[in-house]
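The following note sets out points for a colleague who is examining the model. Each point takes up one topic and can be checked against the coordinates.

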Amino acid sequence: MKRSPPASATWTWPVVALLLLASALAGYPQAQKKSATSTQEKPDALLAAAMEKMSTGVWSVNGTVAVKKTIKLHGLLSGEDFDLTMEPGVNPNTPMREIVIKDKAWICSDGETWHAGSPDDRLLYNRAHVPIMADRRLPPFEKVGTEQRDGQTLLHVRLKVPEKKINPKELPQYWIVLDSQGQAQYIGHTEMPMFSQAKKEVLYCSFDYAPAKENIAPPPLGPPVDDKAYGFYDIEQHKFDWKGKIVRLQVTPKLLESKQIGESTYRAFLKDTATPNHYGIVEFPYDALVQLGFLKKIVNGTHGWEELEKMGALGRTEGEPVSFYVEVIPIGEKPAARAVAVGAKFNRDADGTVSYTWGANEKAAKSPSPAAMASDASDGDLVNRGIEKAKNGDLDGAIAHFDRAAELNPKDDAPYYNRAQAKRLKNDTAGAIADYTRAIELGSTNPAAYNNRGNARAENKDRDGAIADYTRAIELKPDYARAYYNRAVLKKEKGDKAGAAADFKRAKELDPELASEESAADSKNESDVDLVERGIEKGQQGDLDGALADLNRAIELDPKNSAAYYNRAATKLLKKDTAGAIADYTHVIELDPKNVNAYNNRGILKARNNDPDGAIADYNHAIELDPKEAKAYNNRGNVKKAKGDLDGAIADFTSAIELDSNLAIAYKNRGEARQAKGDAIGGEADLKSAEKIELVKHGIEKAKKGDLDGALADFNRAIKLSPNDAVAYYNRAHAKRLKKDAAGALADCTRAIELDSKFGEAYFERGTLKGRSKDVDGAIADFTRAIELKPNYALAYYNRGIARKAKGDKAGADADFKSAAAANRVSLLDGKLKIDISPDFSREPDDPAHPKTIAKFSGPPDGAWGEVLRGTHGLTPDKLEGYLKMRVAEYSKGFKWLPKDSRLQWLKKEIVTIDGRKWANWSFVPVLKGKKDYSHNPVYTRNLTTSYKGQLLEITFTSNLNTSPELKVEIDRIMNSVHLEE
């Protein structure tokens, strides 16, 4: 059964001409059968014959569709199947490709990833196929002439009309390829107007057709790696092994957040079922969230689940887990990867063809396709697109969308309001006021419309009009702090001191952030360092355009800020701007010639960009700067391996392993290189080592998350692969201890020590086990050996102190406790700031990408952490109290992750004096409503903030998801040890 194009997407090729010639249509004769003689006297018959021939076989098509802009369209047609690419697609500067084979459909709108489409989405097909569609009644055509092109004879024909003054370009025209006998072979070229029923406008098409040399084939989507259901953690850990592959992801049925990130792409924040408390992000095509039941309708913008529920858009929140298939796309070297949903159902045909669909009822879905959305948008869609363009700085494009939306629905206030916003950004104040006024006249009760018109009037020196607008905004929204603030400013300018003071007071009550006039919306004093930090945060949240805007501004403020270039390079890489990323890393190197990471990262990009020699040069520089940079050796080895220098590659991989014996990828790479050289035994040994290291890493992560059985399974497999590996035994001992298997843990520790007599951590672990089993002397002996091996082993000193105290050796215990504190004391700010860090916390390496973070610490399992931040402006001692009020107000608004039946309980929010210096001491913990005891609650957080040399200095430690009461005591001890000298 043939498909009929949906009415909303139907394109009828001769409609324009027929509308012009309505009086002549009734007399058009039927198309006549072709004859071997005098065929060129009957061009309509030749045309019908050519169309009939093109109804079978595979045909290439290449051309354009033009209206306000020109769209390129090219690909293959075969009956009702097609493989077509539209440029640009729904995303700017990115082609969109769609393939349909029988009842299977695939679509790629980002130039990289494929997902299931609908076989009924035929907009691209209709545009390219309608001009050559057979089996229809043709009106008469007349001969224009005969042409020779590329050795072929083409008969040029066009629609025959009685009027002589019509522009020929307004009529359908064909160039029919003829054989030596004058018979029609196929249509080589066509030019014609087409009428869009959906948009009620004329498009002009020009297409070339020819027999194709290839067939239409499915995209390169393979079958899933296996039948298992995985979680986000699995994807992160296996991202390189699974690069470009498909896995089945299983999540809980509740959508936590939906964010529109493109014309037809949505990002969903979900919780998986494979690992406890593990969350992640998945990218879905236009209506997949609806088809999977997460949403009841498509919602543009960004919305948490509570907002979606209020909007009536949230789908089911309880029930069975939901699974679907995703393609894994690695991001950088860290454990991060994009998960792009490709379908909910996996299909394998008898011929081996693989495809994914969104479910059995997908054909019934009425949501518009990406292509249809690009061409047949509603006024609401246009407004949303305009807003996105404005956010990205394309104000002219935004205004064009708002113009079109206003044309479609002149009584909707939204296009006028948003167009006013864009005009203000273009400094068209008068135009903005006119649009705000039109939005208000249409019945807008949006207080922002009045507030923003007030701002525009204030810019035009119309203070009275502006004050009237601010007043109306406050009437509509009595807690509108910004309107009070704006009105206060104008009252002050008009000399109304009392009125201004009253408005300033009310604004500050409603929004303490205004107390120090540092509202994010109005601050004009942001430093380049602040902008870099904010850009980093936006990038981590997926707002790449916002991140670029902040990083660009930081570079404008300080063209020598290497951190800004470094982070902009990373952001450009995520946006697939490899050339731009390389240029930015080059700037970093020019500004900071000793930046090892910049050389290493630029080398990676050069290697991907087919510049192996440039990559090796960068890795050489990185190694010269830091001969202990194992990853640089590994990366250089990869390039040498690709160039065929297997000996050089093996040497580099060996150096990487010597520097970092836990670098699994180096073992894997060396194993493959050895196999390529014919060293099967050495290669297999390396591959086993790589697998063993990964198993141990996975086991450690599972243990941290409380999955002790899973951790033990991984450690067991690692030991089976490598029976003489002390690290695997040590980690299995730790897991057994947590499982209360003291005897098994003790045996594993002893085995680890037998295999490596200098394994300090194994002695410490065994000492801990002996101490718990009342073998105090044995514990002290093991802790002593650990300290001999690692003289600054703070935790070993601490635990030996506890053991000595249990034996009554007070002097020895006190000495050990003092040594533990000294070993774990952190000195910052040139020795001015000292903090005694608990032995359970360890300092992480400094990250040049985060210039405001001068120290970061990781703690016990479940993510406990601490950090020391230093700002660059704006906090003097007299503003400390205002800063505290601002942070308390900000945090008191709550967090999306807080359960509905909980609240944030403030433990401290006061100004205290420590060593003669004022500090803001603020701490909190979430508690369930009606409960007072928080000793076993997570996210116990303490903060100390002060002004140091006119700049913010803030120390934070939090238990995160760890609920241990002992950890809360440790955090208090750390914060109580803070000492800062001027």
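1. A residue is called buried when its relative accessible area is under 20%. F324, at 0% relative accessibility, therefore counts as buried. The model under discussion is a predicted one, and the points below should be read accordingly.

2. Overall composition. The chain contains 34 helices and 32 strands. Of its 982 residues, 49% are buried. The accessible surface of the chain is about 46500 Å², and carbon and sulfur atoms contribute 49% of that area. Among contacts with a separation of 6 or more, 51% are between residues 24 or more positions apart.

3. Nonpolar cores. The largest nonpolar core has 47 residues, and the members that touch the most others are L47, L77, Y174, I176, I187 and Y209. Apart from this core lies another, of 33 residues, which includes L531, L551, V596 and I623. For Y209, the contacts beyond four places in sequence include M54, V61, L77, I132 and I187.

4. Aromatic pairs. The structure holds 22 aromatic pairs. One of them joins F284 and F324 in an edge-to-face arrangement, with 5.2 Å between centres and 65 degrees between the planes. F284 belongs to strand β17 (residues 279-285) and F324 to strand β19 (residues 322-330), so that the pair links distant parts of the chain, 40 residues apart. F284 is buried, its relative accessible area being 1%. F284 and F324 also form one aromatic cluster with F294.

5. A second pair from strand β19. What geometry do the rings of Y325 and F346 adopt? Their centres are 6.3 Å apart and their planes meet at 55 degrees, so the pair is tilted. Y325 is in strand β19 and F346 in strand β21 (residues 345-348), and the pair thus ties together parts 21 residues apart in sequence. Y325 counts as buried at 12% relative accessibility, whereas F346 is partly exposed at 27%.

6. Charges over rings. R438 lies over the face of Y416, 5.8 Å from the ring centre. R472 is placed over the face of Y450, at 5.8 Å from the ring centre.

7. Helix α10. This helix covers residues 413-425, and its 13 residues should span 18 Å at 1.5 Å a residue; the end C-alpha atoms are 19 Å apart, which agrees. Its buried residues are P415, Y416, Y417, N418, R419, A420, A422 and K423. After α10 comes N427, with a positive phi near 65 degrees.

8. Helix α14. The 13 residues of α14 (residues 481-493) reach 19 Å from first to last C-alpha, close to the expected 18 Å. Is this helix largely enclosed or largely open? Because 10 of its 13 residues are buried, α14 is largely enclosed by the rest of the structure. The buried set includes A481, Y484, Y485, A488 and L490. The cover over these buried residues includes α12 (447-459), α13 and α15 (497-510). G495 follows α14 and has a positive phi, near 90 degrees.

9. R463 is found in helix α13 (residues 463-476). With a relative accessible area of 34%, R463 is partly exposed. Beyond four places in sequence, R463 touches L490, E493 and K494. R463 and E493 are 30 residues apart in sequence, while their C-alpha atoms are 8.9 Å apart in space.

10. Backbone geometry to check. Most residues other than glycine have a negative phi, and most peptide bonds are trans. The bond from E87 to P88 is cis, with omega near -5 degrees; P88 lies in the loop between β4 (81-87) and β5 (96-101). K774 has a positive phi near 70 degrees and sits in the loop between α29 (760-772) and α30 (776-789). K774 is exposed, with a relative accessible area of 72%. V939 also has a positive phi, of about 55 degrees, and is located in the loop between β29 (917-928) and β30 (941-948). V939 counts as buried, at 13% relative accessibility.

Notes
Residues numbered from 1 in each chain as written. Predicted model: local features only at pLDDT ≥ 70, side-chain atom pairs only at ≥ 80, totals over all residues. Heavy atoms only, no water. Helix = DSSP H or I, 4+ residues; strand = E, 2+ residues; numbered from the N terminus. Buried < 20%, exposed > 50% of the residue type's maximum accessible area, 1.4 Å probe, protein only. Contact = heavy atoms within 4.5 Å. Core = buried A, V, L, I, M, F, W, Y, C linked by side-chain atoms within 4.5 Å. Phe/Tyr/Trp six-rings, centres within 6.5 Å; stacked < 30°, edge-to-face > 60°. Lys NZ or Arg CZ within 6 Å of the ring centre and 35° of its normal. Areas by Shrake-Rupley, 256 points an atom, 1.4 Å probe, with all protein chains shown as cover. Expected span 1.5 Å × (residues − 1).
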